[in-house]
Amino acid sequence: MSLSSRDKKVIWHPYTQMKTAADSIAIVKGEGVYLYDEYGNKYIDAVSSWWVNIHGHSHPYIAKKVAEQACNLEHVIFAGFTHEPAIELAERLLPLLPCNQSKIFYSDDGSTAVEVAIKMALQYWSNQGINKTKILAFEHSYHGDTFGSMSVSARSSFTAPFNDFLFDVIHLPLPTKGKEMNTIAILDNLLDNHLDSFAAFIFEPLILGAGGMLMVEPEVLDVLINKCQDAGIITIADEVMTGFGRTGKLFACNHLSNHPDIFCLSKGITGGTMALGVTSCNEKIHDAFLSDDKAKTLFHGHSFTANPIACAAANASLDLLLNDTTQSNMIHINKQQLMFMDRMKGHAALEDCRCIGTILAMDIRTSEKTSYFNSLRDEMYSYFLNKGILLRPLGNTLYIMPPYCITDEELQYIHDCIFAFCDDLIDNK
Ligand SMILES: *Cc1c(COP(=O)(O)O)cnc(C)c1O
């Protein structure tokens, strides 16, 4: 029996309507940008396997470091105990993050990194006996699938069955180009009327991922962060997707002049090898938990907090990320994406095309409205799979988020296939 038939009998997949979905493609090997299925077909992983893989699959250097760590210390409880891979990773991350960051808290993934950030922000106030409980977030935002992270995300078809159970959040309209003043005015108004109640503002800096690769200019985000910080509101940058180079700088917040209080990191952190989440914070947040009163402790932790193998993978991934080859590849990918954007400009099949760093996104024109359930999505997904490219459009929004090791020829091939798809769309109208 094939792997995909065996799978079908026993496995329930994420974000998958199990009644109508095609059988899962069983991958038996990954190498560089390529994934190989059980029948020997290969696919370029143009979405970095849900945005986590930054150096290509089965990177020998990360594999070696992981193997060494597994032979030396696979895991140890992280309360009362510590280990070098976690210490080294924290020592290396802090100087790369904006200079106000001073402590690293480990968890398991992006959603838990966000949960920890929310808890830090809320308890920061309650530890001081101050009643601030409201949270600000953006419309269209996505911060994860656990209840707290769903609460601060936009209300959408993802959250609909649970909306009654999510805590209330005030969602600011997204200040996309031309709409900046509206968002600023709404924030001003909120701050004038409810200043005393806001605990935190959480945002995906510069690009909102799952919400449709929607982009926001650094200038307006800086204004919003600045206003929140002036009002004493804790600012939380969810860099789970944007971290580790995606936006052309190591972190999206490196494009800003204001430094958020808390950062959430995951996805690219281990190069896509192991699950790991990080929440970093500044001294002010950390110190609000220091007390002789044990009730002021941050009571949060997971069984696998700071797993040594995951930390070793993250340290190895950082080695690769910071080397000159990777850095120049990232610049090169950006240039090539911009050139393709130029080539696509004015194409009748496109509503919009946008690029930041190594990410290129385009909204394909359709008669239906832009949404996650747009029927063009399935058509595009199969079209590109048949061309040997894994692209996973968000509705009619098609995007490329490649591993940084992708070659000119591989990226060119993806661009040519997208161009041909768009031409076919127009021809068949
Ligand atoms: C993916 C994502 C998350 C959730 O991360 P998981 O590891 O999938 O739990 C949170 N925030 C952002 C911005 C993300 O893109």
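Is I11 buried, partly exposed or exposed? In this predicted model, I11 counts as partly exposed, at 39% relative accessibility, where buried means under 20% relative accessible area, exposed over 50%, and partly exposed in between (1.4 Å probe, protein chains only). Residues are numbered from 1 along each chain as its sequence is written, and side-chain values use heavy atoms, with hydrogens and water left out. Because the model is predicted, local features need pLDDT of at least 70 and side-chain atom pairs count only at pLDDT 80 or more, while totals for chains, interfaces and linings use all residues.

I11 is placed in the loop between α1 (3-10) and β1 (27-31); helices (H or I, at least four residues) and strands (E, at least two) are DSSP runs, numbered from the N terminus. Between I11 and D222 there are 211 residues in sequence and 44 Å in space, C-alpha to C-alpha.

The domain assignment divides the protein into domain 1 (3-59 + 325-427) and domain 2 (64-321), with bounds that come from an automatic or database domain assignment. Their C-alpha centres are 27 Å apart. To the contact between them, domain 1 supplies 27 residues and domain 2 supplies 25 residues, contact meaning heavy atoms within 4.5 Å.

A nonpolar core is taken as a set of buried Ala, Val, Leu, Ile, Met, Phe, Trp, Tyr and Cys residues joined through side-chain atoms within 4.5 Å. The largest such core has 98 residues, of which Y106, M213, M362, F384 and I418 touch the most other members. Helix α13 (residues 408-427) gives the most to this core, with 8 residues. At least three residues of this core come from each of domain 1 (3-59 + 325-427) and domain 2 (64-321). Leaving aside residues up to four places away in sequence, M213 touches W51, I207, L208, M241, R354, I359, A361, L394, Y399 and M401. Another core, of 26 residues, lies apart from the largest one, and A121, Y124, V240 and I262 are among its members.

Helix α12 (residues 376-386) has L376, R377, M380, Y383, F384 and L385 as its buried residues. The cover over these buried residues includes β3 (42-45), β14 (359-364), β15 (389-390), β16 (397-400) and α13. After α12 comes G388, with a positive phi near 80 degrees.

Most residues other than glycine have a negative phi, and most peptide bonds are trans. S48, which is not a glycine, has a positive phi of about 50 degrees. This residue is found in helix α2 (residues 48-51) and counts as buried, at 0% relative accessibility. In A306, phi is positive and near 55 degrees. A306 lies in the loop between α9 (283-287) and α10 (308-322), and at 0% relative accessibility A306 counts as buried.

F162 belongs to the loop between α6 (147-152) and β6 (170-172) and is partly exposed, with a relative accessible area of 31%.

A salt bridge is a side-chain nitrogen of Lys or Arg within 4 Å of a carboxyl oxygen of Asp or Glu; by this rule the count is 12. D23 and K8 form one of them, with the closest N and O atoms 2.9 Å apart. D23 lies in the loop between α1 and β1 and K8 in helix α1, so the pair ties together parts that are 15 residues apart in sequence. D23 is partly exposed at 39% relative accessibility, whereas K8 is exposed at 55%.

K227 and D188 also meet through their side chains in a salt bridge (3.1 Å, N to O). Because K227 lies in helix α8 (residues 218-230) and D188 in helix α7 (residues 180-194), this pair ties together parts 39 residues apart in sequence. A salt bridge between D416 and R343 (3.0 Å, N to O) links distant parts of the chain, with D416 in helix α13 and R343 in helix α11 (residues 324-344), 73 residues apart.
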